[in-house]
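My notes follow in the order I took them.

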Amino acid sequence: LGSQRSPRRQFRRRWHLHRFRGRRTVPAFIQDAFSRVTHEARLPYSSSILSCSFRSDVPLVRAFLLGRHKIRLILPSDVTQSVEPSELDVLLATGLARHLCMRKLAYAASRLLLSSLIPLACIILLLPWLYALPYYIFPIAIVLSLLLCAVALWLLHRQGRRMAIQADNLMVRWLGRGRACEGLHALANRTGTPSRGRWGELSLEERIARVCGTRVSIEHESLTLAR
């Protein structure tokens, strides 16, 4: 069983979240959690790369390559839904790991190349009209453009999923398998139903299957976690 928090501590945490609701300011306890993650990862990052907003029912994290805030947390807007420490650790470690994976030259270059295929498909679609080509060229241009867009989007999707897998491997290395599984299960238990992964990402069920092996409730984590 997880550690039980006192009502006084829960009230203090909820009041603290209420203070920062709707702001970009990162609460102190999130900065402390991020410092622990970077210490375990042996990385020289500070909480200045974080931003935090409260406008979602389920805690989320987004990682970006550019911009001042590379890691953006989106936490529950309802102050009664306090975020467990294990959930926060998984979110922060995931965001940091994905940012590091996105910084790799091979990933950034291939991402840029694949993204450039979509404007190229639009150019192909415009060529028959710009050069007044025969009418039968238009269907060919449309088919080629759609195929090129479909291939580019599929490759971007596959690349995003591979990056998410690499980031989860880093997250497990930093937090340990037990802590990572505890946080993933806690995040999954918020919805109660299997969730579908966003485009280019893994669902929580897929992440749990890879990291922990079996999807079970956090109350029975001993079934999947090695002690």
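This is a predicted model: local features need pLDDT of at least 70, side-chain atom pairs count only at pLDDT 80 or more; totals for chains, interfaces and linings use all residues.

**Entry 1: the fold**

I read the protein chain along the sequence and got the pattern α-α-β-β-β-α-α-α-α-α. The count is seven helices and three strands. Helices (H or I, at least four residues) and strands (E, at least two) are DSSP runs, numbered from the N terminus.

Residues are numbered from 1 along each chain as its sequence is written, and side-chain values use heavy atoms, with hydrogens and water left out.

Next I looked up burial. Of the 227 residues in the protein chain, 41% are buried. Buried means under 20% relative accessible area, exposed over 50%, and partly exposed in between (1.4 Å probe, protein chains only).

Then I checked the contacts. Among those in the protein chain between residues at least 6 apart in sequence, 65% join residues at least 24 apart. Contact means heavy atoms within 4.5 Å.

**Entry 2: helix packing**

I started with helix 2 (residues 28-41) against helix 3. They pack at an angle of about 60 degrees, with their axes 9 Å apart. That makes helix 2 oblique to helix 3. Axes are lines fitted to C-alpha atoms, for helices over the stretch in contact, and angles run from 0 to 180 degrees between N-to-C directions. Angles under 35 degrees count as roughly parallel, over 145 as roughly antiparallel, 65 to 115 as roughly perpendicular and the rest as oblique.

Helix 2 passes helix 3 in a right-handed crossing. A crossing is right-handed if the near helix is turned clockwise from the far one by less than a right angle, and left-handed if anticlockwise.

I listed the residues that touch. Phe29, Ile30, Ala33, Phe34, Arg36, Val37 and Thr38 of helix 2 meet Leu88, Asp89, Leu92, Ala93 and Leu96 of helix 3. By class, this contact has nine nonpolar, one polar and two charged residues. Ala, Val, Leu, Ile, Met, Phe, Trp, Tyr, Cys and Pro count as nonpolar, Asp, Glu, Lys and Arg as charged, and the others, Gly among them, as polar.

I moved on to helix 3 (residues 85-102) and helix 5 (residues 137-175). Their axes come within 8 Å and cross at roughly 125 degrees. Helix 3 and helix 5 are therefore oblique to each other. Helix 3 passes helix 5 in a right-handed crossing. The contact of helix 3 with helix 5 has 14 nonpolar, two polar and three charged residues.

Helix 4 (residues 105-130) also packs on helix 5. Their axes come within 8 Å and cross at roughly 165 degrees. Helix 4 and helix 5 are therefore roughly antiparallel to each other. Their crossing is left-handed. The residues of this contact divide into 22 nonpolar, five polar and one charged.

**Entry 3: cysteines**

How many disulfides does the structure hold? I found one. A disulfide is a pair of cysteine sulfur atoms within 2.5 Å. This one joins Cys181 to Cys212, S to S 2.1 Å. The link is left-handed, with -125 degrees about the S-S bond. Cys181 lies in helix 6 (residues 177-189) and Cys212 in the segment after helix 7 (204-211), so the pair ties together parts that are 31 residues apart in sequence. Both Cys181 and Cys212 are buried.

Cys149 is in no disulfide, and the nearest cysteine sulfur, that of Cys122, is 5.7 Å away. Cys52 is buried, with a relative accessible area of 0%.

**Entry 4: single residues**

Is Glu201 buried or exposed? Its relative accessibility is 19%, so Glu201 counts as buried. Glu201 sits in the loop between helix 6 and helix 7. Leaving aside neighbours within four places in sequence, Glu201 is in contact with Arg62, Arg98, Arg161 and Glu206.

I looked up Leu204 next. Leu204 is in helix 7, and at 15% relative accessibility it counts as buried.

Phi of Arg42 is near 60 degrees, a positive value in a residue other than glycine. At 63% relative accessibility, Arg42 counts as exposed.
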